[in-house]
Amino acid sequence: MAEKNREELLGKVLKLKELVGYQEGAISSRMIINQKAGSITLFSFDEDEGLSEHTAPFDAVVTILDGECEVWIDGVTSVMKEGETIIFPANIPHALSAITRFKMMLIMIREKKDE
C-alpha cells in the first residue's frame, strides 16, 4: 500500500507540507522516496515533540516546511523556520525539538558502496 501511495506522487506537482498532517501530541511521517541510494521522508511534529539526540552513519539534509524548531548539532543550538535547511553531518550527535508545530523534509543519501 505504501509503495502505491508513493507511485501516486510521481510526475505531479507537489506541495510537500500538505502531504503530511499534524496529529495532536504526536510525530507523523510519510516516506515519499525510498531507494537503496537514499530516501526522502516528510515529518510533522506537534508542539513540544522532538527527536532525542542520536547519530546517523551518513549526512542528513533537513528542510523546514512549516513552523519553527530548535536543532542541536554536537552541542550547538540553532533555531530554524520555514524555508531553512541544515545538514546534519554523519556520525555527529544531533537532535531536534518543536518550538511550534512544524513540518520538515528529511533527505538521506547513503554512501555508494564499492561492488
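## Pairing around strand β9

Strand β4 (residues 60–66) pairs with β9 in the antiparallel sense over six bridges, where two strands are said to pair if DSSP finds at least two bridges between them, and where strands (E, at least two residues) and helices (H or I, at least four residues) are DSSP runs numbered from the N terminus. Within this pairing, Thr-63 stands opposite Met-105 of β9. The model is a predicted one, in which local features need pLDDT of at least 70 and side-chain atom pairs count only at pLDDT 80 or more, while totals for chains, interfaces and linings use all residues. Residues are numbered from 1 along each chain as its sequence is written, and side-chain values use heavy atoms, with hydrogens and water left out.

Strand β9 (residues 102–109) also pairs with β2, again in the antiparallel sense, over eight bridges, and the bridge partner of Phe-43 in β9 is Met-104. Six of the eight residues of β9 are buried, which leaves the strand mostly covered; buried stands for under 20% relative accessible area, exposed for over 50%, and partly exposed for values in between, with a 1.4 Å probe and protein chains only.

## Ser-39 in strand β2

Ser-39 belongs to strand β2 (residues 38–45) and, because its relative accessible area is 6%, it counts as buried. Leaving aside residues up to four places away in sequence, Ser-39 touches Met-31, Ile-33, Asn-34, Leu-106, Ile-107, Met-108 and Arg-110, a contact being heavy atoms within 4.5 Å.

## Pairing around strand β8

Strand β8 (residues 94–98) has four of its five residues buried, so it is largely enclosed by the rest of the structure. It pairs with strand β3 (residues 50–54) in the antiparallel sense over three bridges, and Leu-51 stands opposite Leu-96 of β8. Strand β5 (residues 68–73) is joined to β8 by five bridges, and these two strands run antiparallel as well, with Ile-73 opposite His-94 of β8.

## Two loop residues with positive phi

Most residues other than glycine have a negative phi. Asp-74, although not a glycine, has a positive phi of about 50°; Asp-74 is placed in the loop between β5 and β6 (76–81) and is exposed, with a relative accessible area of 53%.

Asn-91 likewise has a positive phi, near 65°, in a residue other than glycine. Asn-91 is found in the loop between β7 (85–88) and β8, and its relative accessible area of 55% makes it exposed.

## The chain as a whole

Along the principal axes, the C-alpha atoms fill a box of roughly 40 × 35 × 20 Å.

Of the 115 residues, 33% count as buried, and residues 24 or more positions apart account for 61% of the contacts with a separation of 6 or more. The accessible surface comes to about 7,300 Å², of which 50% belongs to carbon and sulfur atoms, as computed by the Shrake-Rupley method with a 1.4 Å probe.
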